[in-house]
Amino acid sequence: MIGFGKEKVTHLHFYFHDMLSGSKLTAVQVARADSTNTSATGFGMVMIMDDPLTEGPELTSKLIGRAQGIYASAAQEEVGFLMTLNYVFVEGKYKDSTLSILDRNAVFSGVRELLDWLAVMP
């Protein structure tokens with residue numbers, strides 16, 4: 001390819017904490033359709049988030065960044081979110097970099113990977 005160097009693959013591993021209740025909310029509902037409350041999937045709900053990203057699965061684990069963006073219930077047959085967000089790194093090799101993501105989140109899948117396409121911006 002003209003203008004492109006050798007492809008480089010990077011594997012990132014961190015934990016995303018989306019807290020919808022308690023004293024330290026990290027995601028809040030900002031909009032919903034009239035029919036959202038009667039929908040089995042919450043179809044039409046829109047949330048805004050600023051979630052911690054940590055090294056380990058515990059919330060007390062080292063903070064390495066924030067997930068900041070919007071997600072919306074965009075499926076009528078299952079709980080599936082349209083997610084648009086930025087991972088903002090505050091520690092480690094990618095400190096001061098962001099990773100922008102547009103993806104689908106199948107909420108009830110055991111493990112979810114939200115990195116279909118990415119660009120790391122220093």
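Is Arg104 buried, exposed or partly exposed, and at what relative accessibility? Arg104 counts as partly exposed, because its relative accessibility is 41%. Keep in mind that the model you are looking at is predicted.

**Two charged pairs**

Side chains of opposite charge can pair when their charged atoms come close. In this structure, the count comes to two salt bridges. Let's take them in turn.

Arg104 meets the side chain of Glu78 in a salt bridge, with 2.7 Å from N to O. This pair links distant parts of the chain, as its residues are 26 apart. Glu78 sits in the loop between S4 and strand S5 (80-89), while Arg104 belongs to strand S6 (residues 98-106).

The other salt bridge joins the side chains of Arg66 and Asp50, at 3.0 Å from N to O. Arg66 lies in strand S4 (residues 63-73) and Asp50 in strand S3 (residues 46-54), so this pair ties together parts that are 16 residues apart in sequence.

Here is how the partners compare with the solvent-facing scale:

| Residue | Relative accessibility | Class |
|---|---|---|
| Arg66 | 23% | partly exposed |
| Asp50 | 32% | partly exposed |
| Glu78 | 40% | partly exposed |
| Arg104 | 41% | partly exposed |

Is Ser73 buried or exposed? Ser73 is buried, because its relative accessible area is 4%, and buried means under 20%. Which residues does Ser73 contact, leaving aside its neighbours within four places in sequence? They are Thr41, Gly42, Phe43, Gly44, Met45, Gly80 and Phe81.

Terms used:
Residues numbered from 1 in each chain as written. Predicted model: local features only at pLDDT ≥ 70, side-chain atom pairs only at ≥ 80, totals over all residues. Heavy atoms only, no water. Salt bridge = Lys/Arg side-chain N within 4 Å of Asp/Glu carboxyl O. Helix = DSSP H or I, 4+ residues; strand = E, 2+ residues; numbered from the N terminus. Buried < 20%, exposed > 50% of the residue type's maximum accessible area, 1.4 Å probe, protein only. Contact = heavy atoms within 4.5 Å.
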